[in-house]
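Visitor: Could we go through this structure together, one topic at a time?

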Amino acid sequence: MEEDLKILILEDVPFDAELINRELKRSGMKFSSIRVEEEKDYLNELESFKPDVILADHSLPHFDGISALKIAKEKSPDVPFIFVSGKMGEDFAIEALKCGATDYVLKGSLSKIVHAVNRALEEVKEHSKRKNAEEALRSSHRQLMEAQKIGHVGSWEWDLETLEMNCSDEFYSMMSVDPTRFGNNYQSMMDIIHPNDRQTVQDSINVALDHHMPFANDYRIVRPDGTVRILSSKGEVITDQNGKPLRIVATEQDITEQKLADEKIKSSLKEKEMLLQEIHHRVKNNLQVISSLLRLQSRYINDQKSIDIFKETQNRVRSIAILHEKLYQSEDLAKIRFDEYVKILAEDLLYFYELDKSNIKMNIDVEEISLNIETAIPCGLIIDEMVANSLKYAFPDGRNGEIKIELHSDDKNKYFMRVSDDGIGISADIDPEKTDTFGMQLIKYLTKQLKASMELDKSNGTAYNLTFNELEYRDRVK
């Protein structure tokens with residue numbers, strides 16, 4: 001017994017879906033249908049329902065037909081996809097067919113839906129019966145010829161026995177040549193190709209002939225009026241049952257404007273990348289100038305407490321300068337490798353407090369994580385402040401010890417950071433939550449900015465545990 005046809009209807013209006021079902025039932029077609037309107041449901045039904053035909057509206061509140069078509073072509077390429085829309089402009093119809101739609105039917109002419117579905121199913125059956133590459137290519141060629149009038153794509157076929165070429169009207173238009181004077185032979189086509197690109201095109205066609213494989217080229221042509229255009233060519237070699245090459249068929253598409261636009265975009269992106277690198281470089285340099293000014297200013301201060309404040313401020317400025325230095329050296333100007341940043345920051349802290357040759361060991365256990373600048377700055381300042389506190393207070397009288405910096409993430413993009421030392425620990429009569437020191441107030445402020453939760457562990461020295469998610473970039477330009 002033949003199974004019922006399975007139809008997936010992408011439609012946000014239940015009444016319209018019912019009209020489609022009613023029209024199909026009137027024809028005597030045996031089928032089952034499911035209506036969806038959300039992308040999630042559409043994806044689920046492609047996997048579970050496994051439709052034989054997809055009927056889709058081109059515009060839905062939270063989804064669109066072109067996106068649905070692209071998904072279908074990726075996940076179910078052999079399933080016919082028919083647009084059923086209340087109104088469809090010519091531009092959209094062209095785009096739909098170019099993207100792989102099987103057909104389209106206007107809701108005002110639903111009587112044509114049965115014919116469209118039947119025709120689509122017949123095409124599927126015919127496609128499955130094709131036995132060799134020649135029949136498949138001829139079918140593709142027929143579809144291409146129908147689309148050439150819409151898509152302005154040219155085609156040609158070169159008979160390897162007669163050495164004659166058969167070119168479409170769009171091909172002649174693209175080359176800007178008179179069909180009666182073109183010559184209709186392979187050499188005529190090679191003559192119009194830019195001299196610097198001829199050998200590349202010739203070599204790729206020779207390889208295709210030798211190995212019976214498809215070929216593709218982007219190359220320049222020089223029209224009779226001297227204008228240069230860029231074409232994208234795709235072709236295939238047709239052979240007989242014994243593998244003897246019979247002919248070559250190919251398509252040509254003018255991609256000049258696309259290439260120029262791509263180059264313009266690449267150039268613009270390069271300029272912006274260079275500008276961002278220069279900005280980060282200058283910010284780093286300016287911060288270093290500020291740090292140097294603080295150091296010079298501190299020489300004119302006699303009060304040790306004030307000197308220490310200047311030094312701590314200088315250190316904080318340096319930690320931000322290091323981050324900007326990593327940013328302009330990074331390939332991704334929006335993120336930095338945080339593990340590399342932490343290593344440089346830790347080494348700089350040891351050097352800054354003149355402890356780089358001491359018996360204090362710096363243990364860094366940070367994943368290869370990239371963080372955006374919104375998250376990296378508060379994280380870096382928190383680490384800077386905590387490590388600085390450990391270096392100043394955890395190991396009095398030159399005692400040995402270890403400071404450890406850890407940062408790891410889980411599969412839900414949650415980050416776990418721990419800064420710890422095995423020093424003398426915080427005195428029992430000091431409550432970090434109530435202390436009014438600037439360092440602790442800064443840590444609290446940065447933790448709040450990071451939207452992190454923080455816990456203090458005093459079981460073995462001092463350890464701060466933070467849990468947070470990467471902050472989203474805040475658009476500052478309206």
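Visitor: Which residues does Glu 385 touch, not counting residues up to four places away in sequence?

Guide: Glu 385 touches Arg 316, Gly 439, Leu 442 and Ile 443, where contact means heavy atoms within 4.5 Å. Please note that this is a predicted model, in which local features need pLDDT of at least 70 and side-chain atom pairs count only at pLDDT 80 or more, while totals for chains, interfaces and linings use all residues. Residues are numbered from 1 along each chain as its sequence is written, and side-chain values use heavy atoms, with hydrogens and water left out.

Visitor: Is Glu 385 buried or exposed?

Guide: Glu 385 counts as buried, because its relative accessibility is 3%. Buried means under 20% relative accessible area, exposed over 50%, and partly exposed in between (1.4 Å probe, protein chains only).

Visitor: Where is Glu 385 found?

Guide: Glu 385 is in helix H14, which covers residues 373-394. Helices (H or I, at least four residues) and strands (E, at least two) are DSSP runs, numbered from the N terminus.

Visitor: At what angle do H13 and H14 pack?

Guide: The angle is about 30 degrees, and the axes are 10 Å apart. Axes are lines fitted to C-alpha atoms, for helices over the stretch in contact, and angles run from 0 to 180 degrees between N-to-C directions.

Visitor: Which residues meet there?

Guide: From H13, Phe 338, Tyr 341, Val 342, Leu 345, Leu 349 and Leu 350 meet Ala 376, Cys 379, Gly 380, Ile 383, Asp 384, Val 387 and Leu 391 of H14. They divide into 11 nonpolar, one polar and one charged. Here Ala, Val, Leu, Ile, Met, Phe, Trp, Tyr, Cys and Pro count as nonpolar, Asp, Glu, Lys and Arg as charged, and the others, Gly among them, as polar.

Visitor: How many disulfides does the structure hold?

Guide: The structure holds zero disulfides, a disulfide being a pair of cysteine sulfur atoms within 2.5 Å. Cys 379 counts as buried at 0% relative accessibility, and Cys 167 is buried with a relative accessible area of 9%.

Visitor: A change of topic: what is the phi of Ser 176?

Guide: Ser 176 has a positive phi of about 60 degrees although it is not a glycine. Most residues other than glycine have a negative phi. Ser 176 lies in the loop between helix H7 (169-175) and helix H8 (179-182), and counts as partly exposed at 36% relative accessibility.

Visitor: And where is His 212?

Guide: His 212 is in the loop between helix H10 (198-211) and strand E8 (215-222). His 212 has a positive phi of about 55 degrees.
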